[in-house]
Amino acid sequence: NDANAAAYGEFWVGSGRESEGLILLTLGTGVGGGIIVNGVVVEGVNSFGAECGHIIVDSRSDARLCVWGGGRGELEAYASASAVADRAEQLLANGRPSSLKQRVAAGETLSTLMLAEEAEQGDALSQEVILEAATYLGIGVVTLVHTIDPGAVILGGAMNFGGHATQVGRQFIERVREVFRSRAFEIVAQHTVIDYASLGGDAGYIGAAGIARAKCACVEDDDA
């Protein structure tokens, strides 16, 4: 599982290396997940552990449908790149003014990258959609952290809006943190790190190597 491997990479030598455990959320066309507890990858009885994109963040009967699995109200329906682009298209279709219209009319495909670029230039609709996604992501993070109290939540994947290097990227993660702090138990909020991943596309194979290394160490201990 690539998300599990990436989670271990971030835990071993990445943004979560100071924590005993972590949750990695990979924000891309969907929302993937990986969970590490006390150095162990959570896989589950059916190998469906850490399917974080399918937790419920909106219980309304008319909640959005997941782009991939079809589930209603799931995190993936609100905080994946596909969902964010769909939300922007919906608002444009409803007549909302935005600089996105000119780019779409010129033949460009609406994407989260386009949203990030226009948000940096001050486009209100782009900023709204990005921060709305961050709000739902923060709600999901509260549920996950209250379940296992990992010490760190790391946001990976392609949809990071430029990460710490851009104003929009900084606003995105700060909104996630704000929502988390407002809803989480105080002591949990104080001692949980929420940050962007640092290993990029290398996280998966680094994590796979780390998992193999850890298993070899266990075998050597057993032999001893």
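Colleague: Why is Ser 47 called exposed?

Modeller: The relative accessible area of Ser 47 is 55%; since exposed means over 50%, buried under 20% and partly exposed in between (1.4 Å probe, protein chains only), Ser 47 counts as exposed. This is a predicted model, in which local features need pLDDT of at least 70 and side-chain atom pairs count only at pLDDT 80 or more, while totals for chains, interfaces and linings use all residues. Residues are numbered from 1 along each chain as its sequence is written, and side-chain values use heavy atoms, with hydrogens and water left out.

Colleague: Where is Ser 47 placed, and what is its phi?

Modeller: Ser 47 sits in the loop between strand E3 (40–41) and helix H2, where helices (H or I, at least four residues) and strands (E, at least two) are DSSP runs numbered from the N terminus. Its phi is positive, about 60°, although Ser 47 is not a glycine. Most residues other than glycine have a negative phi.

Colleague: Which values did you find for phi of Phe 161, and what makes this residue buried?

Modeller: Phi of Phe 161 is near 55°, again a positive value in a residue other than glycine, and the residue lies in the loop between E4 and H7. Its relative accessibility is 7%, which falls under the limit of 20%, so Phe 161 counts as buried.

Colleague: How many aromatic pairs are there, and why is the pair of Phe 161 and Phe 172 called tilted?

Modeller: The count comes to 3 aromatic pairs, by a rule under which rings of Phe, Tyr and Trp (its six-membered ring) pair if their centres lie within 6.5 Å, with planes under 30 degrees apart counted as stacked, over 60 as edge-to-face and the rest as tilted. The ring centres of Phe 161 and Phe 172 are 4.9 Å apart and their planes stand at 55°, so this pair is tilted. It links distant parts of the chain, 11 residues apart, with Phe 161 in the loop between strand E4 (152–156) and helix H7 (167–183), and Phe 172 in helix H7. Phe 172 has a relative accessibility of 1% and therefore also counts as buried.

Colleague: What do the buried residues of H3 pack against?

Modeller: They pack against helix H2 (76–79), helix H4 (100–105), helix H5 (112–120) and H6, and among them are Ala 81, Val 84, Arg 87 and Leu 91. Just after H3, Gly 95 takes a positive phi of about 95°.

Colleague: What makes H5 oblique to H6?

Modeller: The axes, which are lines fitted to C-alpha atoms over the stretch in contact, with angles from 0 to 180 degrees between N-to-C directions, come within 8 Å for H5 and H6 and cross at roughly 120°. Angles under 35 degrees count as roughly parallel, over 145 as roughly antiparallel, 65 to 115 as roughly perpendicular and the rest as oblique, so H5 is oblique to H6. The contact (heavy atoms within 4.5 Å) involves Leu 115, Ala 116, Glu 118 and Ala 119 of H5 and Ser 126, Gln 127, Val 129 and Ile 130 of H6.

Colleague: Why are H6 and H7 called oblique to each other?

Modeller: Their axes come within 8 Å and cross at roughly 40°, and H6 and H7 are therefore oblique to each other. Residues that meet there include Ile 130 and Leu 137 in H6, and Val 168 and Phe 172 in H7.

Colleague: How do you know that Val 168 is buried?

Modeller: Val 168, which lies in helix H7, has a relative accessible area of 3%, so it is buried. Leaving aside its neighbours within four places in sequence, Val 168 is in contact with Ala 116, Ala 119, Glu 120, Ile 130 and Phe 161.
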